[in-house]
Amino acid sequence: MLRTVNRVLLGLLGLVLLLFGASVLAVGLGARPPSWWVYDGRHDVLLSDADRARWRDDGWFWPTVIGALALVVLLALWWLTAQLRRRRLSEVLVETGDGEGALLRGRAMENALESEAAALDGVARARVRLTGRRNAPEARVGLLLGADAVPGDALRGVCAGALAHARDSAGLERLPATVRLRAVRHRAGRVS
């Protein structure tokens, strides 16, 4: 979801800035702006002294402007903290059966998944990243398949092997995973 929010916000911000910049450039080059536009000509300023003083007597204007700017700042801070938040899961909660639980380092589980997935036939390299919450992790697996690999067999091997072993050893009810398969670049084989 965060990726979608990022794309929508950056797209809207870019569109607004592009339109505003294009209008400033067009008026600066001598184009006549419409009558309702914020400035009239090449030497006009965006906010004149008369425009700033026009709303001085209305008690609602400046609190509304300050509130809107404060809301923009809060949204920008929320967006910034969402960008800086750690995406990789640092620990997984393992149920021990006595009500206490134990913590398993996320990197250790990722390394175990990677080594088991990389040992499969036809897999040249495996990358694993754990995301989600510590009591409900999710795995993102990337497999680089060799030239002689069968993608269906590699996928079944990861699902029934590495992911099932990780789920069982961590005592998880389920371990949702996204597996991406890519083929290693290789030269075409010649038939003689």
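A word on classes before the first stop: Ala, Val, Leu, Ile, Met, Phe, Trp, Tyr, Cys and Pro count as nonpolar, Asp, Glu, Lys and Arg as charged, and the others, Gly among them, as polar. Keep in mind that this is a predicted model, where local features need pLDDT of at least 70, side-chain atom pairs count only at pLDDT 80 or more, and totals for chains, interfaces and linings use all residues. Residues are numbered from 1 along each chain as its sequence is written, and side-chain values use heavy atoms, with hydrogens and water left out.

**Stop one: a pocket.** Select Leu-9, Leu-10, Leu-13, Val-72, Leu-75, Ala-76, Trp-78 and Trp-79, which line the second largest pocket. (A pocket here is an open set of points on a 1 Å grid over the protein atoms alone, where a 1.4 Å probe fits, with protein on both sides within 12 Å along at least five of seven lines; lining residues have an atom within 4 Å of a point.) Colour by class and you get 8 nonpolar, no polar and no charged residues. Helices α1 (2–28) and α3 (61–84) each supply at least two residues of that lining, with α3 giving the most, 5 residues.

**Stop two: a ring pair.** Now pick Trp-60 and Phe-61. There is 1 aromatic pair in the count, where ring centres must lie within 6.5 Å, the six-membered ring being used for Trp, and planes under 30 degrees apart are stacked, over 60 edge-to-face and the rest tilted. Trp-60 and Phe-61 are edge-to-face, 5.8 Å centre to centre with 80° between the planes. Is Phe-61 buried or exposed? Its relative accessibility is 18%, so Phe-61 counts as buried (under 20% is buried, over 50% exposed, in between partly exposed, with a 1.4 Å probe and protein chains only).

**Stop three: a strand residue.** Jump to Thr-131 in strand β3 (residues 123–133). Thr-131 is buried, at 13% relative accessible area. Show its contacts (heavy atoms within 4.5 Å): leaving out residues up to four places away in sequence, Thr-131 touches Arg-87, Leu-89, Ala-136, Pro-137, Glu-138 and Arg-140.

Select Ala-50 in helix α2 (residues 49–54); helices are DSSP runs of H or I with at least four residues, strands runs of E with at least two, numbered from the N terminus. Ala-50 is exposed, at 58% relative accessibility.
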